[in-house]
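We will go from one stop to the next.

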Amino acid sequence: MKVTFTNKTMGEIDAQFEVIFVVDKNLEHEFIADAETMARFEYKGEGNLLLLESRRLYVGIGKLSLEALRIGICKAYNALKGLNVANFKVATYLAGDEISTFMAYAEGAGLGSYEFDRYKSDKKPALLTEILVAKDEFSKKTVSAKKANLGLEYGAIMAECANFAKDIVNEIPEIYTPERMASDAQALAKSDKQIKCEIFDEKYLAKEKMNAFLAVNRASAHPPRLIHLSYKPKDAKRRIVFVGKGLTYDSGGLSLKPGDSMLTMKSDKSGATAAMAIIKGASALNLPFEIHAVMGATENMIGGNAYKPDDVLISRSGVTIEVRNTDAEGRLVLADCLSWAQELKPDLMIDMATLTGACVVGLGEYTSAIMGNSDELKNRFKALAKESGELFTPLDFNDHLRELVKSQIADVSNTASSRYGGALTAGIFLDKFVKDEYKDKWLHLDIAGPAYVQKAWGYNQYGASGAPVRACLYFLRALAKEM
Ligand code: BES
Ligand code: ZN
Ligand code: ZN
C-alpha cells in the first residue's frame, strides 16, 4: 500500500475516489459537500457513508487523534477494496505534529491492508494500492512536505515491522518450528548489515545449565533454539535487551490444555517474534541504542519423556523450581532466558510474553500489562509508547502475592497457590530470576490479550496483531528524543 503526500489540494488531485473524514460528527465543515444527501440518508457522522455516484466516501472517525486516523484509513480501505478502485485521495487532518500525523496515515494503510492469505487457493491481489494525501488541511495550518514525507517513511517502517511479526505469528505450527525461527533470524541478519545473529542449540543450553528451558522442550520432536540478535550502532547511548517467549506451540504439556484453549496457541511465539521485529525496526529507524533480542524458542508437547507436574528443575541461575503445572511453561523458558540476558549487562531489559490467560481475563483482549519493580519505569514505558495507540496498564506486585509462589519443596513454584492474580504471580515468578542490580531496570509485558485477534478490531484483522512491536519502537524513538 503506497501513501503519497502530494502537495496539491483535494481539487487538484486526480483520483478515483475521495475519502472525507467526519470529525466529531461535525457535518458543517467545508470538506463536507453532501449535507443534503446526508440528511436524506439520516447519516449523523458515525460509521461510513458510501456515495457511489459522486465517488465519495465519508468515514466518521469521532474525536481527531492519531489512533482515529489509523482506524479511519483502515475503514476507508476496507470499504473501497472490493470496488473497482485503484486509489483514493484524502485531506490532511493534523492530529499531532506533522511527523506523527503522517506516521499514522502510513500505519493505518500498512496495517489495515495486511492479509494472511498464504493458504488461500483463491488469492485476489488487491486493486486498491495507493492513497494520495492532499495538502488541504482540516485545521488550516500549513503542512511541511518534508516532515510529511519523513512521517510517511517512519510509519511505513512501523507497519512493515508489525506485519513482519504478523506473518511469523500467523504461520502454522507444523512449519514454524524453533529451527525455522532461528533460520528467519539468520535471514534477517543476512539482509541487514547492522544486525548480527547467533544461534544456540540444545547442547549449548545443556552446557549453560538452562534446565528449565530444556525441560519444556523435552517431549518435542523439534529441538529448542536460543536466538540472539543484536543491533549495535556506533556511539550507542544505552544497551537495551528484549527477551521474548517463543513457544512455537503450547499444547500445555502433560497438564494438557482443553481443545478449545489449545486453538490459537501457535501465537505463543508472539513475544520472541516481536523481539525479532523490534531489532528489524531499530535498524531501519537507525535508533541510537545498542539493542539485543534474546529469544527462547521451543514447543511444549506431550510424550513419554515429557517433564511432569511434581518435577523440580534447577534453573540456570541456580534457583530451583517446583513444576506444579506444565502449562505454566513460558515462565520456565523466560527464567533461563532472563538469566542469560543479564550477562549482556543491560541498562534496560524488557521481556515480552503471551504469558497468562489471567491477564486476558483481567484486562480484556485489547490491553497488555506492564509489570516490574519500578513504578517510574512502568509509567515511563506507558507514557512513551502511548502515541503508538497500543494499550497498556501497569500492574503492581505486592508482598501478599509474593507469598503465593512459594513452594514446599523448592525455591519457587511455577504456579501460584491461588487462582486469583495470575498475571501478577507470573510476573513475580519472573522477578525471582532478575538479579538485584537489574530489579529496577526490568519490565515484563504480558501481551496475551492483544497479540492474537479472535475478532477484528481497530486496524487489526483476525489473527496476529504484531503487538507490541510498534509500542516498543515508539517507546525507543521517544526515549532517543529525550536524550
Ligand atoms: N500461553 C499460555 C497463556 C495464554 C493463554 C496466552 C491464552 C494467550 C491466550 C500460557 O503458557 C499458559 O497456559 N498459562 C497458564 C498458566 C497457569 C497454568 C498457571 C494459564 O494462563 O492458564
Ligand atoms: Zn502454557
Ligand atoms: Zn504458553
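**Stop one: a lysine and its partner**

Select Lys257: at 14% relative accessibility this residue counts as buried (buried is under 20% relative accessible area, exposed over 50%, partly exposed in between, with a 1.4 Å probe and protein chains only). Its side chain meets that of Asp250 in a salt bridge, 3.9 Å from N to O. A salt bridge is a side-chain nitrogen of Lys or Arg within 4 Å of a carboxyl oxygen of Asp or Glu. Asp250 is buried too, with a relative accessible area of 3%.

This is a predicted model, where local features need pLDDT of at least 70, side-chain atom pairs count only at pLDDT 80 or more, and totals for chains, interfaces and linings use all residues. Residues are numbered from 1 along each chain as its sequence is written, chains are lettered from A and ligands numbered from 1 in the order written, and side-chain values use heavy atoms, without hydrogens and water.

**Stop two: the zinc ions**

Stay on Asp250. What does Asp250 bridge? Asp250 bridges the zinc ion (ligand 3) and the zinc ion (ligand 2), which lie 3.2 Å apart. Now select ligand 3. Lys245 (NZ), Asp250 (OD), Asp268 (OD) and Glu329 (OE) coordinate this zinc ion at 2.0 to 2.4 Å. Donors are N, O and S atoms within 2.8 Å of the metal (3.2 Å for Na, K and Ca); water is not among the atoms, so sites may look incomplete. Both Lys245 and Asp268 are buried.

Select Glu67, Arg70, Glu107 and Arg470: a network of salt bridges links them. The structure holds 29 salt bridges.
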